[in-house]
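User: I would like to go through this model and ask what stands behind the terms used for it. Please set each value against its definition.

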Amino acid sequence: MISPKSAIRRHSVLDLKSNKMETAAWRSAGIVCTLGPGSDKVDMMQKLIEAGLDVARFNFSHGSHEYHGKLMDNVRKAAVNAGKMVALALDTKGPEIRTGKFVKDEYELKKGSKVIVTVDEKFKDAGTDEKFWVTYSDLPNSVAVGSTIFIDDGLLALKVFKKTDMDVHCVIENGGLISNRKGVNLPGAKVTLPALSAKDKADIAFGVEKKVDMIFASFIRKKEDVLQIKKLIPKSVLVISKIENQEGCDNFEDILSVSDGIMVARGDLGIEIDATKVFVQQKRMIRLCRRAAKPVIVATQMLQSMVTNPRPTRAEVSDVANAILDGADCVMLSGETAKGKYPVEAVQQMAKTCQIAEDNLALPPVKQESYSMRETCVRVACSMAKEQNAKAIVAVTNTGTTARYISRHRPVCPILAVIGETNSHIARHLQITFGAHVALYDDAKGKPTAVKRIEAAIHSQKGSLLKKGDLVVCLYSADHSGFANIIEMRSVE
């Protein structure tokens, strides 16, 4: 049946009274960590996992298949060493626009000067401070006179004043240095690039071969983009749609309806739309994801200063906390763990911050005009847990759906999802669901009764999550109704 080691434990690292490391506390929010040159060794990955890493992210905008394959193998070894289950996420490059190559290593674009951005391939490797090429051939048709072109994460700003078939004439509003292969953003423009490039398709095929658990799909603009990706992957792989531009915001509810989860990707989003509107969209997306019982990840620059500093800024800590207080399921680290000087400290800091935010969580209840029978059972179970001060809600689930529906109500106690080992991918999927912890059971020779599974799951948590005399609320099905429809209260023996 279920051994204590089978239980997936998200351990917090904070005793609020003494700041001492503790393993008895529990963290509900998931932590996604990007792996890279600063964290590519097994021992470092194990330290990150022990500090709180739940999902390992592989950024396919950089690195070869061989490199990422080695990272994936290493993190699986580290997870075994740490005795914890870790989910693997492939982040696609997506439909990016970049500058071409320049004659010199770099040029300075001076404010007030004029420059031509061209799609004429004669300038592909011959860029200067007067004229340079970009990878997007439909640029003249996509931008309008008076619009702005941002380059290199918005450090350079060019105002369009004239267009021809091949060239876009601009005045430099914000100057600076420009060099090879810098990113280009077109805020407000409808970009006609395909959702998936040949590279994206090859990367996704590689990810499927390596058995990744989810795809972080970059620059999703409409629901058809998601459906296109789903045609390339098995049902055991989730699609988490990254919202990074105005079109994605405009079509968000349609995108959410076909996605398995959402990432609020604030890096490009903060360039594509006015930065003062990013937090509004973040809160809106979190709210709608919670209503749909789908996980949402908040990402980008959360503890950015820890790339080079051992301590975060106060604003960064508040940013992480506010994401959790708004209802985010997960928070993400990028450069902090991929290339930073203090990767372990960054994960520890994020885990501490999440726990404190969780202790102060006070989200409004989820309300809707009508409820399915599944949702009614879930709501009753959460109410019982609150009224009786239960220490856990134990839910038998095959798909993880019951756990996600419980999670959106943010119950006062952890959710213990009981899942068969043949569905271990579901357990890894729940790494991005707030409050969800997992107990796996051996179902190679068939499933024991629901009651036996619950009893074994409770027993597996004695001495960690649960102790003798604790009250738990159990949710399961004894028939083939398709959802958990029996609610039971038990005392831990």
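Analyst: Two strands count as paired if DSSP finds at least two bridges between them. The model is a predicted one.

User: What makes strand S8 and strand S9 a pair?

Analyst: Six bridges join S8 (residues 156-163) to S9 (residues 167-174). The definition asks for at least two bridges, so the two strands pair. They run antiparallel, and Leu-158 stands opposite Ile-172 in S9.

User: Why are strand S6 and strand S11 called edge strands?

Analyst: The open sheet has six strands in the order S6-S5-S9-S8-S7-S11, with mixed pairing. S6 (131-133) and S11 (184-185) each pair on one side only, and that makes them the edge strands.

User: How do you know that strand S18 is largely enclosed by the rest of the structure?

Analyst: Buried means under 20% relative accessible area. Six of the six residues of S18 (residues 415-420) are buried, so the strand is largely enclosed. In a regular strand the side chains alternate between the two faces of the sheet. In S18 both faces are covered: Ile-415, Ala-417 and Ile-419 are buried on one side, and Leu-416, Val-418 and Gly-420 on the other.

User: Which strand is joined to S18, and how do the two run?

Analyst: Strand S17 (residues 392-396) is joined to S18 by four bridges, and the two run parallel. Ala-395 stands opposite Ala-417 in S18.

User: Why is Arg-410 called buried, and why is Arg-181 called partly exposed?

Analyst: Arg-410 has a relative accessible area of 12%, which is under 20%, so this arginine is buried. Arg-181 has 39% relative accessibility, which lies between the cut-offs of 20% and 50%, so Arg-181 is partly exposed.

User: What makes the phi values of Arg-181 and Arg-410 worth a remark?

Analyst: Most residues other than glycine have a negative phi. Phi of Arg-181 is near 55°, a positive value, and phi of Arg-410 is near 45°, also positive. Arg-181 lies in the loop between strand S10 (176-179) and S11. Arg-410 is in the loop between helix H14 and S18.

User: What makes the largest cavity a cavity, and which residues line it?

Analyst: A cavity is a set of points where a 1.4 Å probe fits but cannot get out. The search of the whole structure finds one cavity of 30 Å³ or more, and about 60 Å³ of space lies in the largest cavity. Its lining includes Cys-289, Asp-329, Arg-410 and Thr-433. Helix H9 (278-291) and helix H14 (401-407) each give two or more residues to the lining of the largest cavity. That lining divides into three nonpolar, two polar and six charged residues.

User: Which members of the largest nonpolar core touch the most other members?

Analyst: Of its 67 residues, these are Leu-35, Phe-58, Val-75, Ile-262 and Met-350. Helix H12 (residues 343-359) gives the most to this core, with seven residues. A second, separate core of 25 residues includes Val-378, Ile-406, Ala-436 and Phe-483.

Terms used:
Residues numbered from 1 in each chain as written. Predicted model: local features only at pLDDT ≥ 70, side-chain atom pairs only at ≥ 80, totals over all residues. Heavy atoms only, no water. Core = buried A, V, L, I, M, F, W, Y, C linked by side-chain atoms within 4.5 Å. Buried < 20%, exposed > 50% of the residue type's maximum accessible area, 1.4 Å probe, protein only. 1 Å grid on protein atoms, 1.4 Å probe; cavity = no way out; pocket = protein on both sides within 12 Å on 5 of 7 lines; lining within 4 Å. Points joined across faces, edges and corners; volume = space filled by probe spheres on them. Nonpolar A, V, L, I, M, F, W, Y, C, P; charged D, E, K, R; others polar.
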